Amino acid sequence: MSNSPDHHARSMLPIPHRKVPGLTTYDAKDPDTAFPPIEPLVPPEGAPNVLIVLLDDVGFGASSTFGGPCNTPTAERLAAGGLRYNRFHTTALCAPTRQALLTGRNHHSAAMGNITEAATSAPGQSSVLPNTMAPLATTLKLNGYSTAQFGKCHEVPVWQSSPLGPFDAWPSGGGGFETFYGFIGGENNQWDPALYEGTTPIEPPATAEEGYHLTEDLADHAVNWVRQQRALMPDKPFFVYFAPGATHAPHHVPKEWADRYAGQFDDGWDAQRERTFAKQKEVGIIPPEAELPARHAEISAWDDMPDDLKPVLVRQMEVYAGFLEHTDHHVGRIIDTLEELEILDDTLIYYIIGDNGASAEGTMNGAFNEMANFNGMAELETTEFMLSKMDEFGSPSSYNHYSVGWSWAMNTPFQWTKQVASHWGGTRNGTIVHWPAGISEQGGLRSQFCHVIDVAPTVLEAAGLPQPTMVNGVLQAPMEGSSMNYTFDGAAAEERHDLQYFEMFGNRGVYHKGWSAVTKHKTPWIMVGQTMPAFDDDVWELYDGNVDYCQAHDLAADQPDMLAKLQRLWLIEAVKYNVLPLDDRTSERFNADLAGRPTLIRGSSQLFFSGMGRLSENSVVSIKNKSFSVTADVEIPEGGAEGVLIAQGGRFGGWALYVKEGRAKFVYNALGIQEFATVATSPISPGRHQVRMEFAYDGGGLAKGGDVTLYYDGDAVGAGRVDATQPMVFSADETTDIGQETGTTVTPDYTPPSSRFTGKIHWVQIDLGSDDHDHFISPEERLRVAMARQ
């Protein structure tokens, strides 16, 4: 850092303008006319460029950089020129980790106690970032940094995720990023993503058939942005946040990358875990005295898995390994660009290999379509079905996930997985810091306890910037993390972050000066029907991390006083940081009314107009587990019309009402496994008509079927049957569109280019019934109400 004085008052942002006193002349031509030069706002001299790379759902033992089987040469290259951290921690889930990373505050403090889709009205769970916690990007931008984000943003409250916002929580809205290119939500189809540029929805520049892949596209945009920033603003540092959707499911990767790992996992996850553990000791990532914890009974041994399913299980892991290597390769393209521009040494790089532990949300059998498990319908994916799809895993026709067993192995040497915030398998992620201009040691290992909330204060200290006390007129809460800069040249320095709570879905724990007290409450892969104990009945474990790196020896019975001390400390921290009340509900939290969060749409009816689109599932009334109707007021030209009237979801689950060969047709696609179609018996004649579909739900529980009736102007013209429905969610990334369908299509009856309706749509309306199909109002009354809205 330079010692030159910085005259800006940077603790108040935006930096207040200071008027410079002096002579004001009457005539600008007067020789005494002089003013100070207009100087662009820049950070203090010596402030580095900053690049934060955050991968998704990568366990500690996955990457080769931390002893795992998946080759990550870019991460290894950065580690060789920087530092590896083997006690760096996240929150155990994606959106909470990202909120914590970008604010320097604990995730409950920042109102992100869970994912946005499960937000409640509790202060620690609302998903609404308090304005007392300005994001790091805002602080850097207001201090003169150029800022850009590429990839995943899962911090937008679901009721603010429509194309009309509000955009306060969007990266380029209130998030502090001047440029954003990526997606909003927890995951996306890597072959056909729902992209945004800023706040504008856009379509991918190419198709999967043309070689498109999201990670490559994100890297292209990041590389081009950095080059342009250096060309136009070489004196201004940048902050780039690169957060690809990889390696979150679906595990999508070109086949040749997966094929690189053919045969490497044939002996299963137990053997792979032992192999990784040995490698971690060999390269010094973990202490030589570390012991590997035993496999829990809830995780099946490889030898106990059905032999006929094992080829599918092996392919799942080959695909995942290829996916991680492919991701690391494209991160490497950004690193190469920094080197080509001769700014690599002056850039502070965080390469955080995972926002939580490896994901166990794919069931013991894995999944060809992970939405099957999210809907409690995993049994539809039989062994026979999986075998028939084995060669398609990772391809555009899949929405795949790997087995719980592989997740467990990828979290070697720790217990448990993503979502389990109690144990290191859910929260300890391998991390690399590379900054030759600020770190003298190359290839070093750091073992001080660190947490993702430490990143923001580290960046500010490296840039010579204070934590702001006021931003946009709002007094700021102090950051809750501790700067990691003291570790850069202090391998033996005493750790400064020595107290940290953890909580997710009731899984909870606390770390204090080497010791950890933890209790697992909920199993991640049981999505529906899990019976959980009362919180007071949870069994706590105690570990001495000073001698037990892997949490292998439970000392709770031997040292009850220490356990009680840490349990009390957890409760104190929980009260301090808005963790209470504990909330282990699952399906209830996805219901906005039960959860107590706002909804964009209220009531039992929703009106749409032609051209509306990219409406997330939370922007549309839910038609799940109830009767409903769809009414479209259309004009058919002479010669007939074709195309989509309304479609929700896509290839991996959803429904559509459309016109095919002149006739109305309704298709319900259950998880991409079963398709139920109802076709009108006659074409729609030219002129203005009401086309309606009524679905009469069977009732009697979730995921039931129902009867379908099609109408033209109140006259029945077709009937059919849907035998099964999706009770919880259609898709995490597909949307609702009017007059066409974007993304993947609900049915192969049409493609996105041919889905545009060739007639005229005046309006489309969804009306909800109940779980009893006798409660529909009459067609005549429905038409009268709809026409009155015109």
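Helices and strands are DSSP runs, helices of at least four residues and strands of at least two, numbered from the N terminus. The structure described here is a predicted model. By that assignment, Pro 581 falls in the loop between helix 14 (560-576) and helix 15 (592-595). The protein as a whole contains 16 helices and 30 strands. Its radius of gyration is 28 Å, close to the 28 Å that the globule rule gives for 790 residues, so the protein is as compact as a globular protein of that length.

**Overall form and surface**

- The C-alpha trace of the protein spans about 90 × 80 × 50 Å along its principal axes.
- Of the 790 residues, 61% count as buried.
- Among contacts in the protein with a separation of 6 or more, 74% are made by residues 24 or more positions apart.
- The protein has an accessible surface of about 29,000 Å², and carbon and sulfur atoms account for 52% of that surface.

**Cis peptide bonds**

- Thr 412 and Pro 413 are joined by a cis peptide bond with an omega of about 15 degrees.
- Pro 413 belongs to the loop between helix 10 (404-410) and helix 11 (424-427).
- A cis peptide bond also runs from Leu 580 to Pro 581, where omega is near 0 degrees.

- Asn 578 is not a glycine, yet its phi is positive, at about 70 degrees.
- Asn 578 is situated in the loop between helix 14 and helix 15, the loop that also holds Pro 581.
- With a relative accessible area of 32%, Asn 578 is partly exposed.
- Thr 363, which is likewise not a glycine, has a positive phi of about 70 degrees.
- Thr 363 is placed in the loop between strand 10 (347-352) and helix 8 (371-374).
- Thr 363 counts as buried because its relative accessibility is 14%, and the cut-off for buried is under 20%.

- Arg 295 sits in the loop between helix 6 (268-282) and helix 7 (310-340).
- Its relative accessible area of 33% makes Arg 295 partly exposed.
- Arg 295 and Asp 270 are 25 residues apart along the chain, and their C-alpha atoms are separated by 8.5 Å.
- The side chains of Arg 295 and Asp 270 make a polar contact of 3.0 Å.
- A polar atom of the Arg 295 side chain also lies 3.1 Å from the backbone oxygen of Ile 299.
- Apart from residues up to four places away in sequence, Arg 295 touches Asp 270, Ser 300, Ala 301 and Trp 408.

**His 326 in helix 7**

- His 326 is part of helix 7.
- At 2% relative accessibility, His 326 counts as buried.
- Beyond its neighbours within four places in sequence, His 326 is in contact with His 213, Thr 215, Val 253, Pro 254 and Trp 257.

**Lys 624, a buried lysine**

- Lys 624 is located in the loop between strand 20 (605-608) and strand 21 (628-636).
- Lys 624 has a relative accessible area of 9% and is therefore buried.
- The side chain of Lys 624 is joined to that of Glu 617 by a polar contact of 2.9 Å.
- Leaving out residues up to four places away in sequence, Lys 624 touches Glu 617, Gln 726, Pro 727, Met 728, Val 729 and Phe 730.

**Glu 370, a buried glutamate**

- Glu 370 lies in the loop between strand 10 and helix 8, where Thr 363 is also found.
- Glu 370 is buried, with a relative accessible area of 1%.
- Not counting residues up to four places away in sequence, Glu 370 touches Glu 187, Ala 249, Pro 250, Tyr 399 and His 401.
- Glu 370 and His 423 are 53 residues apart in sequence, and their C-alpha atoms are 24 Å apart in space.

Technical notes:
Residues numbered from 1 in each chain as written. Heavy atoms only, no water. Rg over C-alpha atoms; globule rule 2.2 N^0.38 Å. Buried < 20%, exposed > 50% of the residue type's maximum accessible area, 1.4 Å probe, protein only. Contact = heavy atoms within 4.5 Å. Areas by Shrake-Rupley, 256 points an atom, 1.4 Å probe, with all protein chains shown as cover. Polar contact = N/O pair within 3.5 Å; in protein donor to acceptor, adjacent residues only side chain to side chain.
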